[in-house]
Amino acid sequence: MTEPGLRSGQLADAAGVNLQTLRYYERRGLLASPQRSPGGHRLYPSETVTLLRVIKTAQRLGFTLNEVADLLAAGQHQHSNRPDTGLQARAKDKLVEVEQKLADLTVIRDTLQAAISAGCDDLVACAGSACCPLPFAELAERNDRVHTY
């Protein structure tokens, strides 16, 4: 006779996560507490594989676990019809956040390329040079102005 559901190890393997992840998600409330076999083993419904894959995909898209929990809760309460709580609104917000990070990373990339091209070898020496492409001089000037008032 087979037991209904997946044991922890089977679920973890099927979803591509480790056992600690399952326990952590349970503690965080992302996964419901599973039933137990007569021997005390956790038994998860087969749909939990999909749920874990959804959680991991959302994380790869940049959502925090708190945001994932909110998205899952919003999905369970779709009858509210509040447009500001669903995936569309949150995905748009996350997209704005990602685009800002990309802009920041572009500035970092360009600054590092300038530092490499300028031959900067020593951060302290470079920071004291007027031709330093790194923003040390700008930051120092701003700090000096703030402290002289």
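Leu22 touches Ser8, Leu11, Ala12, Val17, Leu31, Tyr44 and Leu52, residues up to four places away in sequence being left out of the count; contact here means heavy atoms within 4.5 Å. Leu22 is also one of three residues, with Tyr25 and Leu52, that touch the most other members of the largest nonpolar core, a set of 17 residues. A nonpolar core is a set of buried Ala, Val, Leu, Ile, Met, Phe, Trp, Tyr and Cys residues joined through side-chain atoms within 4.5 Å. At least two residues of this core come from each of helix 1 (8-15), helix 2 (19-28), helix 3 (47-60) and helix 4 (65-76). The most is given by helix 3, with 4 residues. Helices (H or I, at least four residues) and strands (E, at least two) are DSSP runs, numbered from the N terminus.

The model is predicted, so that local features need pLDDT of at least 70 and side-chain atom pairs count only at pLDDT 80 or more, while totals for chains, interfaces and linings use all residues. Residues are numbered from 1 along each chain as its sequence is written, and side-chain values use heavy atoms, with hydrogens and water left out.

The protein chain contains 7 helices and 2 strands, arranged along the sequence in the pattern α-α-β-β-α-α-α-α-α. Of its 149 residues, 22% are buried; buried means under 20% relative accessible area, exposed over 50%, and partly exposed in between (1.4 Å probe, protein chains only). Among contacts in the protein chain with a separation of 6 or more, 45% are between residues 24 or more positions apart. The accessible surface of the protein chain is about 10900 Å², and carbon and sulfur atoms account for 56% of this. Accessible areas come from the Shrake-Rupley method with a 1.4 Å probe, and for residues only the protein chains shown count as cover.

Helix 4 has 12 residues, which at 1.5 Å a residue should span 16 Å; its end C-alpha atoms are 16 Å apart, in agreement. The expected span of a helix is 1.5 Å times one less than its number of residues. Leu65, Val68, Leu71 and Ala74 are the buried residues of helix 4, and their cover includes helix 2, helix 3 and helix 5.

Together with Leu102, Leu105, Ile108 and Leu112, Val98 makes a nonpolar surface patch of about 450 Å². Patches are made of residues with over 30% relative accessible area and no salt bridge, like charges being joined within 9 Å and nonpolar side chains (Val, Leu, Ile, Met, Phe, Trp, Tyr) within 5 Å. Gln113 is another residue of helix 5 and is partly exposed, at 44% relative accessibility. Gln113 lies 20 residues from Pro133 in sequence, with a C-alpha to C-alpha distance of 9.2 Å. Just after helix 5, Gly119 has a positive phi of about 80 degrees.

The whole structure holds 6 salt bridges, a salt bridge being a side-chain nitrogen of Lys or Arg within 4 Å of a carboxyl oxygen of Asp or Glu. One of them joins the side chains of Arg42 and Glu26, at 3.2 Å from N to O. Arg42 lies in strand 2 (residues 42-43) and Glu26 in helix 2, so this pair ties together parts that are 16 residues apart in sequence. Both Arg42 and Glu26 are buried.

Two further salt bridges involve Glu97. With Lys94, the closest N and O atoms are 3.1 Å apart; with Lys101, the corresponding distance is 3.6 Å. Glu97 and Lys94 lie 3 residues apart in helix 5, about one turn of the helix, and Glu97 and Lys101 lie 4 residues apart in helix 5, again about one turn. An α-helix has 3.6 residues a turn, so residues three or four places apart point the same way. Lys94 counts as buried, at 6% relative accessibility, whereas Glu97 is partly exposed at 33% and Lys101 is partly exposed at 46%. Through shared partners, salt bridges join Glu67, Lys94, Glu97 and Lys101 into one network.
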